[in-house]
Amino acid sequence: MDFELPAEIEQIREEVRKFGENEIKPVATEYDVEEKYPHEIMDKAAEMGLTGAQIPIEYGGAGYSTLEVVAISEELFAIDPGIALCIQSASFGSDALMEFGTEEQKERFLEPVATGDAVMGAAISEPDTGSDVSSVSTRAEKDGDEWVINGNKMWITNGTVGDHFVVLCQTDPDAEGRYNGFSQIVVESDRDGFKADKITGKLGIRASDTAELIFDDVRVPEENLVGNRGMGFLQQMQFFDDTRTGVAAQGIGLARGAAERALEYAQEREQFGQPIAEFQAIQHKLSDMFTRTEAARNLTHKSAWQVDQGEDITKLASMAKEYSSRVAVDVANEAVQIHGGSGYVNDFDVERFYRDAKILQIYEGTTEIQKNIIARELLGKGF
């Protein structure tokens, strides 16, 4: 049993770490305060193959494995979670096209994302539908050789900067079975009737674009349907294991970044004539922060490895997501505590990390949903 990452992955990590230190870290606070999308950084990330990291090489991507993407995610989130999310979510929704899309769809929608010429997103949640994905009400009705889409989507990443979105719609409302009757359809943002309203004032990840999407008789061609009609819900559920492993990686990156900053500060900050790192109370905090981060990393790496092996990881992915997100919140909290009053203002990164951490327990399935999934898997009940 070998817990060391292969040399090629370590090399990728080092390159991403340098990119983050040179290009992201100096401007991270600026993008957070101004709540603006980092277009210039995105162009540079695309040149490194980071915006299409998991997109196959034949469609212009880097073709990285899940474990490689997890390593990249950790490095980016250890630098700045907000901008890191922008880079990693540039291809959000691409999994559906890679697995179920036609060759024409892959070439038309994936290649521009991989090269940095386009940004995509996935539109699932709605104003009244968050965790209960099977209750989405956005409708897509056939009219000749077109789909006509009406409805609203909420909390959509890349909403105002995205060029196309994989939208979960209700296409067969009379279909038998709770999970039938939904389809995924690609909608380009330049279609008539499409509108995106940016959401501001978020607690964290402020550089990442979030919006409400409005579909008012939006017409798209029949060939924009992804996979088989009526299978959209089941298609979507298939990818949550991958995306939840990805969020777990975000958690270990954020936790590591916060812990490292706390360690550095504790060695520099003096009170009562000595660095605060000399006090046992601070040492215990640091010990716990780094130990839990390492435990989360091992759980996440195991989940990523099993994804790459093609194994069923529903339970493990939810375990990794739930635990890593909890560790991220707790470690960021302790990092602020170690900084004291200095940690309460944005002169230090830990203030931003503390705000950014909370979203990890909400998106891609809340903490409560993850515990439900774990319990159902243990009891053999499925979804």
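## M48 and its loop

Helices and strands here are DSSP runs counted from the N terminus, a helix having at least four residues (H or I) and a strand (E) at least two. The model is predicted. On this numbering, M48 is found in the loop between helix 3 and helix 4.

M48 has a relative accessibility of 32%, so it counts as partly exposed. Its contacts, not counting residues up to four places away in sequence, are E15, V16 and F19. Between M48 and E15 there are 33 residues of sequence separation, while their C-alpha atoms are 9.1 Å apart in space.

## The largest nonpolar core

The largest nonpolar core has 54 residues, and the members that touch the most other members are F19, I24, L76, I87, M289 and I338. At least two residues each come from helix 1 (7–24), helix 3 (39–47), helix 4 (66–79), helix 5 (81–88), helix 8, helix 9 (280–308), helix 10 (314–339) and helix 11 (349–357). Helix 8 gives the largest share, nine residues.

What does I24 touch, not counting residues up to four places away in sequence? The contacts of I24 are F19, I41, L76, I79, D80, I83 and I87. Another core lies apart from the largest one; this other core has 16 residues, including I149, V167, F215 and L225.

## Helix 4 against helix 9

Two packed helices are described by the angle between their axes and the distance between the axes. For helix 4 and helix 9 the angle is about 145 degrees and the axes are 8 Å apart. Helix 4 makes the contact through T66, L67, V70 and E74, and helix 9 through R297, T300, H301, A304, V307 and D308. Sorted by class, the contact of helix 4 with helix 9 contains four nonpolar, three polar and three charged residues.

## Aromatic pairs

A pair of aromatic rings is described by the distance of the centres and the angle of the planes. How many aromatic pairs does a search of the whole structure find? The search finds six. One of them joins F182 and F233, whose ring centres are 6.4 Å apart and whose planes stand at 45 degrees, so this pair is tilted. F182 belongs to strand 5 (residues 182–188) and F233 to helix 8 (residues 232–268), so the pair ties together parts that are 51 residues apart in sequence. Both F182 and F233 are buried.

F194 and F215 form an edge-to-face pair, with 5.6 Å from centre to centre and 75 degrees between the planes. This pair links distant parts of the chain, 21 residues apart, with F194 in strand 6 (residues 194–198) and F215 in strand 7 (residues 210–221). F194 has a relative accessible area of 13% and is therefore buried. F215, at 3% relative accessibility, is also counted as buried. Ring pairs join F194 and F215 with F165 in a cluster.

## Charges over rings

The charged end of K36 sits over the ring of Y31, at 4.8 Å from the ring centre. In a second case, R244 lies over the face of F240, 4.6 Å from the centre of that ring.

## Helix 12

Q370 lies in helix 12 (residues 367–379). Is Q370 buried or exposed? Its relative accessibility is 0%, so Q370 counts as buried. Not counting residues up to four places away in sequence, Q370 touches R244, S318, K321, E322, E364 and G365. R244 is the residue placed over the face of F240.

E377 is also in helix 12. With 32% relative accessibility, E377 counts as partly exposed. E377 and K315 are 62 residues apart along the chain, and 6.0 Å separates their C-alpha atoms.

Most residues other than glycine have a negative phi. W155 is not a glycine, yet its phi is positive, about 60 degrees. W155 lies in strand 3 (residues 146–157). Its relative accessible area is 54%, so W155 is exposed.

N158 likewise has a positive phi in a residue other than glycine, near 70 degrees. N158 is placed in the loop between strand 3 and strand 4 (164–170). Its relative accessible area is 0%, so N158 is buried.

Terms used: Residues are numbered from 1 along each chain as its sequence is written. This is a predicted model: local features need pLDDT of at least 70, side-chain atom pairs count only at pLDDT 80 or more; totals for chains, interfaces and linings use all residues. Side-chain values use heavy atoms; hydrogens and water are left out. Rings of Phe, Tyr and Trp (its six-membered ring) pair if their centres lie within 6.5 Å; planes under 30 degrees apart count as stacked, over 60 as edge-to-face and the rest as tilted. Buried means under 20% relative accessible area, exposed over 50%, partly exposed in between (1.4 Å probe, protein chains only). A charge sits over a ring if NZ of Lys or CZ of Arg is within 6 Å of the ring centre and within 35 degrees of the ring normal. A nonpolar core is a set of buried Ala, Val, Leu, Ile, Met, Phe, Trp, Tyr and Cys residues joined through side-chain atoms within 4.5 Å. Contact means heavy atoms within 4.5 Å. Axes are lines fitted to C-alpha atoms, for helices over the stretch in contact, and angles run from 0 to 180 degrees between N-to-C directions. Ala, Val, Leu, Ile, Met, Phe, Trp, Tyr, Cys and Pro count as nonpolar, Asp, Glu, Lys and Arg as charged, and the others, Gly among them, as polar.
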